[in-house]
Amino acid sequence: MIKINDRIYLGMISGTVGFVALTLIDVISSRMKISQRSYRTTAAGVWVSSRRQAEKWPGQILGVMMNIGLSMVGGVSVVKLLTTFGRDKLVPKGLFFGATFGSIITSVLSGLSSNKVKPKDAWSNLSYLVSNFAFGLASIFTAAKIGDDSLFDTPPQNDYSKPTKQTTEQIKGSKGNNIYPVYSDVNPNQEETTYM
C-alpha cells in the first residue's frame, strides 16, 4: 500500500474518514430519535436564520460542507498529535482527541448567538459526544495506518546530542540486525595514533 508522506494531505484524508464515522453515528442517532438535531443541522444553524431553513436541502448541504471543513482541520491536528507524541496507545489518544476537539466545536457552534438551531437537551449533546469519539478513533487510526513511517520519526532535540534510537531508515537498512551507527568518539575499535 502506498503511504502518504505529506502531513496536510494525510490530515485531510484522516479528517474525511473521521467525518464519515461521525456522520454515520449522527444519522443513526437522529433516526432513533436520540438526538433532536443532526450535527449538520446544528452547523447550518450558524449561517441561516431559522431551523426550517437549516433542515431544507440547501441548509443540509451547507452543514455538511462546514462539517467536512472542520473535520479536515481536526484531521490535520490528529496528524500533528501523532507526529509529535508517537503512534502508540491509539485508542486513548483517539478518544481524548475526539472528546476535546468535538467539545470545542460543539461549544462554539452552540454558543454563537446567531445559531438558531443549537441543541439544549442532554441526549442530543451526548449523541454528539459519541459521534466525536467515533471521529477521533477513525481519524487517528487512519492517520497511523496510511501515514508514511518517516513522518513519525522524532527529530533530534539539538545537533549536539547523539541519537539513542535508530530511525526508521536505519532499521530498514539493517533489516532487523540492530546495527547502530558508529561514531568515532565511541568506537571501541578505533586505533590510537601517536604523533612524534
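Visitor: In which helix is aspartate 26 found?

Guide: In this predicted model, aspartate 26 lies in helix H1, which covers residues 7-31.

Visitor: Why is aspartate 26 called buried?

Guide: The term buried applies under 20% relative accessible area. Aspartate 26 has 2% relative accessibility, and therefore counts as buried.

Visitor: Which residues is aspartate 26 in contact with, leaving aside its neighbours within four places in sequence?

Guide: With those neighbours set aside, the contacts of aspartate 26 are Ser38, Tyr39, Arg40, Tyr128 and Ser131.

Visitor: What makes glycine 136 a buried residue?

Guide: Glycine 136 belongs to helix H6. Its relative accessible area is 0%, and the limit for buried is under 20%, so glycine 136 is buried.

Visitor: How far apart are glycine 136 and glycine 98 in sequence and in space?

Guide: They are separated by 38 residues in sequence, while their C-alpha atoms are 3.9 Å apart. Leaving aside neighbours within four places in sequence, glycine 136 is in contact with Gly94 and Gly98.

Visitor: How many residues does the largest nonpolar core have, and which have the most contacts inside it?

Guide: This core has 20 residues, and those with the most contacts inside it are Leu10, Val78, Leu82, Phe97, Ile140 and Ala143. Two or more residues come from each of H1, helix H4 (57-85), helix H5 (90-111) and helix H6 (122-146). H6 gives the most, with 6 residues.

Visitor: Which residues does alanine 143 touch, not counting residues up to four places away in sequence?

Guide: On that basis, alanine 143 touches Leu10, Ser14, Val78, Val79, Leu82 and Phe152.

Methods. Residues numbered from 1 in each chain as written. Predicted model: local features only at pLDDT ≥ 70, side-chain atom pairs only at ≥ 80, totals over all residues. Heavy atoms only, no water. Helix = DSSP H or I, 4+ residues; strand = E, 2+ residues; numbered from the N terminus. Buried < 20%, exposed > 50% of the residue type's maximum accessible area, 1.4 Å probe, protein only. Contact = heavy atoms within 4.5 Å. Core = buried A, V, L, I, M, F, W, Y, C linked by side-chain atoms within 4.5 Å.
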